[in-house]
Amino acid sequence: MPQATATLTAPERAPASAAPPRAAGSEFAPLLRTVKEQGLLERRTAWYARGIVVNLLGLAAVVTGLVLLGPSWWAMTLAVPLALLSARCAFVGHDAGHAQIAADRRTNRLIQLVHANLLLGMSQEWWNDKHNRHHANPNHLDKDPDVAADVLVFAQHQAADRTGFRGWLTRHQAWLFFPLTTLEGIALKVYGFQALFSKDGPYRRRRDSLTEGALLLTHVVGYAALLLSTLTAGQALVFALIHQMLLGLHLGMAFAPNHKGMETPGEDGERWGHLRRQVLTSRNIRGGPLTDWFLGGLNYQIEHHLFPSMPRPHLRLAQPAVRAHCRAIGIPYTETGLVDSYRQALGHLHEVGEPLRAA
């Protein structure tokens, strides 16, 4: 799932992620100049267009398969590719929210509305608001909503007053992390509808809330109509559970390695510049094209946080320059394998719950 270095202040403004942070006189400035000179901030619209078309064709193939198979338990196997394709929609929506795909705000918004609201049932505006705050202050326990105390906690002081069922969750949260991520696909939908009807929601214009609400409702009705018209009620329920649980697990596997267990800025972090704030709190994942595809480019988390509007295929190309610059100024650049990244993230969650287990 989580974008810009500042939140939006008015609906007419471009997304905060559309431009890199001001960098004059900072540690970040030389790196920014290098990246610009290499043309790595230029859009790759054709690359995204090909990926979107292929993904939409895949979704159409799954729908066709459901119609042709009809009320058969063999149709349950189609929930697996549908989960993978749904995750691609999430990654495209994420990139559109960062203004990576098109040069104008309207086109990026349209792409994100289609992929987030219509195809996933996830509120664009809710996601952007939350994700902007994450990018502005990654891993900051008081400012980053992704590490706020909720079902999981990410610092021992957050766990201190957890009792009852929540205390039990915290004591065992490392073991429960991946089972809990199977609920993420459903949770994203619930959070979106909650934001839509909340008085304190992120929607600044009534027109935006009506548009998003209509698309969210269309998704729910269309999804239910597809399953109930091709499967029995029991099969439709099983299919939906498999699809949503695999989608949640996939997204959890993509997001979990990025920041868990990395630096959590305190008072010293308030004085960090953009480079240190993003590099010290982020972790990259080594791998090849398959890793890039499976994690939606989020395995280049450091480069993505430094340059939120950089197109996904350019993150890999920017990595050598970022790594060399960090080495030159003495900033740790964290990169590990996929399995080890999960070990580190889960190890951190296990450590956070230690005081409750000891008690």
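Predicted model: local features only at pLDDT ≥ 70, side-chain atom pairs only at ≥ 80, totals over all residues.
Biologist: Which helix is Leu 84 found in?

Modeller: Leu 84 sits in helix α3.

Biologist: And which residues make the nonpolar surface patch?

Modeller: Leu 84 is one of them, along with Val 80, Leu 246, Leu 290 and Trp 293. Together they make a patch of about 440 Å². The elements giving two or more residues to that patch are α3 and α13.

Biologist: Okay, pockets now. What volume does the second largest pocket have?

Modeller: The second largest pocket comes out at about 500 Å³.

Biologist: How many residues line the second largest pocket, and which lie nearest its centre?

Modeller: The lining has 19 residues, with Trp 47, Gly 51, Arg 88, Trp 293 and Arg 312 nearest the centre. Elements that give two or more residues to this lining are α2 (45–69), α3 (79–97), α13 (289–294) and α15 (312–329).

Biologist: Which element gives the largest share of that lining?

Modeller: That's α2, with 7 residues.

Biologist: What does the lining look like by class?

Modeller: You get 11 nonpolar, 3 polar and 5 charged residues.

Biologist: Switching topic: where does Ala 225 lie?

Modeller: Ala 225 is in helix α10, which covers residues 206–230. Ala 225 counts as partly exposed, since its relative accessibility is 42%.

Biologist: How far apart are Ala 225 and His 134?

Modeller: In sequence, 91 residues; in space, 36 Å from C-alpha to C-alpha.

Methods. Residues numbered from 1 in each chain as written. Heavy atoms only, no water. 1 Å grid on protein atoms, 1.4 Å probe; cavity = no way out; pocket = protein on both sides within 12 Å on 5 of 7 lines; lining within 4 Å. Points joined across faces, edges and corners; volume = space filled by probe spheres on them. Helix = DSSP H or I, 4+ residues; strand = E, 2+ residues; numbered from the N terminus. Nonpolar A, V, L, I, M, F, W, Y, C, P; charged D, E, K, R; others polar. Patch = residues over 30% accessible without salt bridge, like charges linked within 9 Å, V, L, I, M, F, W, Y side chains within 5 Å. Areas by Shrake-Rupley, 256 points an atom, 1.4 Å probe, with all protein chains shown as cover. Salt bridge = Lys/Arg side-chain N within 4 Å of Asp/Glu carboxyl O. Buried < 20%, exposed > 50% of the residue type's maximum accessible area, 1.4 Å probe, protein only.
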